[in-house]
Amino acid sequence: MVIFFKGHDVILVTGAAGFIGSNFVHTWLGSNSDGIINLDKLTYAGNLANLSSIKENGRHVFVRGDIGDADLVTRLLKDHQPHAVINFAAESHVDRSIHGPEEFVQTNIVGTYHILESVRGYWSKLPEDKKAAFRFLHVSTDEVYGTLSADDPPFAETNPYAPNSPYSASKAASDHLVRAWHHTYGLPVLTSNCSNNYGPYQFPEKLIPLVIHNALAGKPLPIYGDGQQIRDWLYVEDHCRAIMRVLEAGRVGETYNIGGSNELANLDVVKTVCGILDELRPRSDGRCYAEQVTFVKDRPGHDVRYAIDARKIERELGWKPLETFETGIRKTVQWYLDNPAWVEGVTSGAYRQWESLQYGG
Ligand code: NAD
Ligand code: DAU
């Protein structure tokens with residue numbers, strides 16, 4: 001057995017080579033002295049370049065592997081005795097779930113089942129004080145609640161689940177498993193359901209980084225349907241801070257909705273990004289990036305509106321976002337402009353195949 005961290009407590013974080021997970025690692029290492037074991041399968045969405053700046057940090061260790069690999073997870077738990085597991089690992093892209101739902105069932109449902117069982121085996125043998133202090137935090141999405149019409153109140157934790165895509169159905173199933181492992185076996189779980197994140201290291205298959213990438217490449221900016229679908233946007237670091245608060249002070253067995261109170265129509269998000277690019281990196285022909293907007297076929301089963309009622313986490317845990325959409329989106333665009341090598345690294349080969357499958361040509 002290799003001792004990863006001498007003199008530090010440890011948490012196991014899954015999927016932390018992806019967008020939110022890697023941001024979480026950076027946020028955690030900047031504000032907490034515990035070490036992190038990062039277990040990630042490195043699917044197309046996992047990228048060690050997201051972690052290159054902490055390569056030399058002795059409090060972060062990367063292990064390539066699957067949350068569904070019970071032998072590996074059991075060994076990591078036994079050898080390193082983490083006091084918490086945070087489960088970010090998932091297939092996360094709605095459009096990919098429409099083209100190929102199987103991986104979503106495999107990782108998000110079966111994988112979550114396996115890691116819950118591995119964690120339960122480990123947790124049940126801990127001494128009483130460590131057992132009481134242990135937490136399994138499952139990172140989930142607002143999409144489990146389905147879709148809202150214009151005058152519905154935002155999603156509260158008490159809303160019934162009504163997922164509409166293979167992605168959200170698989171996340172809803174995973175949330176139910178987590179809940180059941182608490183009610184049946186007493187596993188000390190926490191679940192967070194967050195709205196749309198944006199920020200550094202987001203793979204350019206998702207709306208905001210896709211638009212930045214395509215705009216700079218002189219390509220069309222594809223808007224599904226009429227672009228009037230509404231999402232609530234949260235800067236990723238605010239989400240990471242919320243997860244840290246839930247881990248620290250969340251009530252066992254509870255779920256916490258996390259959101260930015262930034263409801264925006266997709267077309268307005270895209271126009272905002274274009275406006276910032278016009279200012280920071282004007283087109284060489286002097287025209288506006290918004291001229292590249294192209295309306296394309298709608299996403300099947302496209303949810304019309306998401307909105308989050310985040311009053312529970314604000315009231316109970318004192319969390320509030322630090323960024324507004326205006327400040328967060330400007331930072332984000334600037335980050336993509338400052339990191340062309342990162343973008344280059346993730347938009348070759350397999351990415352082009354995805355572009356052609358989803359957008360044609
Ligand atoms: P992402 O796709 O960028 O990253 C997912 C990571 O999980 C990747 O590094 C991938 O390699 C890894 N992974 C996938 N399958 C795995 C497996 N079987 N075993 C181990 N690792 C595996 O996703 P993200 O946007 O960072 O989302 C992280 C989590 O947050 C997901 O659970 C997602 O459902 C949830 N979430 C995302 C958002 C958002 O806006 N992106 C909002 C709310 C909740
Ligand atoms: O709400 C939280 C969810 O947000 C997370 O659980 C998911 O993991 C995350 O991917 C995100 O899901 P969305 O489907 O909302 O994100 P996406 O960036 O794919 O799309 C945002 C909106 O923009 C959505 O209404 C679809 C639209 N869209 C997206 C793409 C990629 C377009 O109009 N054109 C596009 O090319």
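**Close-up views of a predicted model with two ligands**

**View 1. Ligand 1 and its backbone contacts.** An oxygen atom of ligand 1 lies 2.8 Å from a backbone N or O atom of isoleucine 20; a polar contact here is a pair of N or O atoms within 3.5 Å, and within protein one must be able to donate a hydrogen and the other to accept it, while residues adjacent in sequence count only if both atoms are side-chain atoms. The backbone of isoleucine 67 places a polar atom 3.0 Å from a nitrogen atom of ligand 1. At asparagine 197, a backbone N or O atom is 2.9 Å from an oxygen atom of ligand 1. Taken alone, ligand 1 exposes 830 Å², and the protein buries 97% of that (accessible areas by the Shrake-Rupley method with a 1.4 Å probe; for residues, only the protein chains shown count as cover).

The model is predicted: local features need pLDDT of at least 70 and side-chain atom pairs count only at pLDDT 80 or more, whereas totals for chains, interfaces and linings use all residues. Residues are numbered from 1 along each chain as its sequence is written, chains are lettered from A and ligands numbered from 1 in the order in which they are written, and side-chain values use heavy atoms, with hydrogens and water left out.

**View 2. The shell around ligand 1.** Ligand 1 is surrounded by 28 residues, of which Ile20, Asp40, Ser92, Tyr167 and Lys171 are the closest (a residue is near a molecule or strand if one of its heavy atoms lies within 4 Å of it). By class, twelve are nonpolar, twelve polar and four charged (Ala, Val, Leu, Ile, Met, Phe, Trp, Tyr, Cys and Pro count as nonpolar, Asp, Glu, Lys and Arg as charged, and the others, Gly among them, as polar). Strand S5 gives the largest share of this shell, three residues (helices, H or I of at least four residues, and strands, E of at least two, are DSSP runs numbered from the N terminus).

**View 3. Ligand 2 and its side-chain contacts.** A polar atom in the side chain of threonine 141 is 2.7 Å from an oxygen atom of ligand 2. The side chain of glutamate 143 has an N or O atom 2.8 Å from an oxygen atom of ligand 2, and for the side chain of arginine 231 the distance is 2.9 Å. Ligand 2 exposes 690 Å² when taken alone, and the protein buries 95% of that.

**View 4. The shell around ligand 2.** Around ligand 2 there are 24 residues, and Asp142, Tyr167, Arg299, His302 and Tyr359 come nearest. Helix H3 (94-99), helix H7 (207-216) and strand S8 (221-224) each supply at least two residues of this shell, with S8 giving the most, three residues. The shell holds ten nonpolar, seven polar and seven charged residues.

**View 5. The second largest cavity.** Three nonpolar, four polar and four charged residues make up the lining.
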